Amino acid sequence: MTQQPHATQPSAGGQQQTPAGMSATAPGPGFTPTEAAWASGGVVFAGVLMLMNGVLAIFQGISLLAEDDVWARVNDYVYKVSLTGWGVILLCLGVVAAVTGAFILRGAGWARMTGIFLASLSMLAQFLFLPYAPVWSVIMIGLDFFAIWALAVYRPAMRD
C-alpha cells in the first residue's frame, strides 16, 4: 500500500504533537488524529472559555444585584427566581468558574472534572435564565456544550 504525501504518521511512543505544542495520547478506538487535535486545542479553548464565562457571569451577577430594573420582568414563568437571587447564583457560579478555568489552563487534572460539572451547571442555569436573555442564553448553552465535550474527550499524555 502506498502512502500519500499529505498523510501524517503518529510519532513513536503512541503520542502525537498537537499544533499548540501540547502532547496528547494517540487516539483510542473511534478517535481520529484530527479529533484528538481538536480535543487538545479544545481544552485550551475550554479553559479560556470558562475563565471568560466566569468573569462575564460575575459582571452579570453584579448588574443583577445593583440594578435589577435593567433586566426584563417575566410574569408567569415556572422556574421564576427573583433577579436578586439570579445575581447571587451567577456571581457565585462565576467566581468558581473563573478559578476553575485558570486551573484548566495550568493543566490541573481535577480542574477538568470540575470544569465539566461547572459547565453542566452553567448550561442548566442558562436554560433557566432563558426568558430574561434568550439570545445570550442560547449562545452560552452552545459554548458550554463545546466545553463539556472538549474536557471530556481530552486524554493528556502520561508523564514518565
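Of the contacts in this protein with a separation of 6 or more, 64% join residues 24 or more positions apart; contact here means heavy atoms within 4.5 Å. The model is a predicted one, where local features need pLDDT of at least 70, side-chain atom pairs count only at pLDDT 80 or more, and totals for chains, interfaces and linings use all residues. Residues are numbered from 1 along each chain as its sequence is written, and side-chain values use heavy atoms, with hydrogens and water left out.

**Overall layout**
- The protein has 4 helices and 2 strands, and from the N terminus on they run β-β-α-α-α-α.
- Helices (H or I, at least four residues) and strands (E, at least two) are DSSP runs, numbered from the N terminus.
- Buried residues make up 34% of the 160 residues, with buried meaning under 20% relative accessible area (1.4 Å probe, protein chains only).

**Helix 2 against helix 3**
- The axes of helix 2 (residues 83–106) and helix 3 (residues 109–128) come within 9 Å and cross at roughly 150 degrees.
- Those axes are lines fitted to C-alpha atoms over the stretch in contact, and the angles run from 0 to 180 degrees between N-to-C directions.
- Helix 2 and helix 3 are therefore roughly antiparallel to each other, a label for angles over 145 degrees.
- Their crossing is left-handed, as the near helix is turned anticlockwise from the far one by less than a right angle.
- Among the residues making the contact are W86, L90 and F103 of helix 2 and W110, R112 and L118 of helix 3.
- Sorted by type, the contact residues come to 13 nonpolar, 5 polar and 1 charged; Ala, Val, Leu, Ile, Met, Phe, Trp, Tyr, Cys and Pro count as nonpolar, Asp, Glu, Lys and Arg as charged, and the others, Gly among them, as polar.

**G54 in helix 1**
- G54 lies in helix 1 (residues 33–66) and, at 0% relative accessibility, counts as buried.
- Leaving aside neighbours within four places in sequence, G54 is in contact with G94, A97 and A98.
- G54 and G101 sit 47 residues apart in sequence, yet 8.0 Å apart in space, C-alpha to C-alpha.

**Helix 4 and S137**
- Helix 4 (residues 134–153) has 20 residues and reaches 29 Å from its first C-alpha to its last, close to the 28 Å expected at 1.5 Å a residue; that expected span is 1.5 Å times one less than the number of residues.
- Its buried residues include M140, D144 and L151.
- S137 is also in helix 4, and counts as buried at 0% relative accessibility.
- Not counting residues up to four places away in sequence, S137 touches Q126, F129 and L130.

Note on methods. Parallel < 35°, antiparallel > 145°, perpendicular 65-115°, else oblique. Buried < 20%, exposed > 50% of the residue type's maximum accessible area, 1.4 Å probe, protein only.
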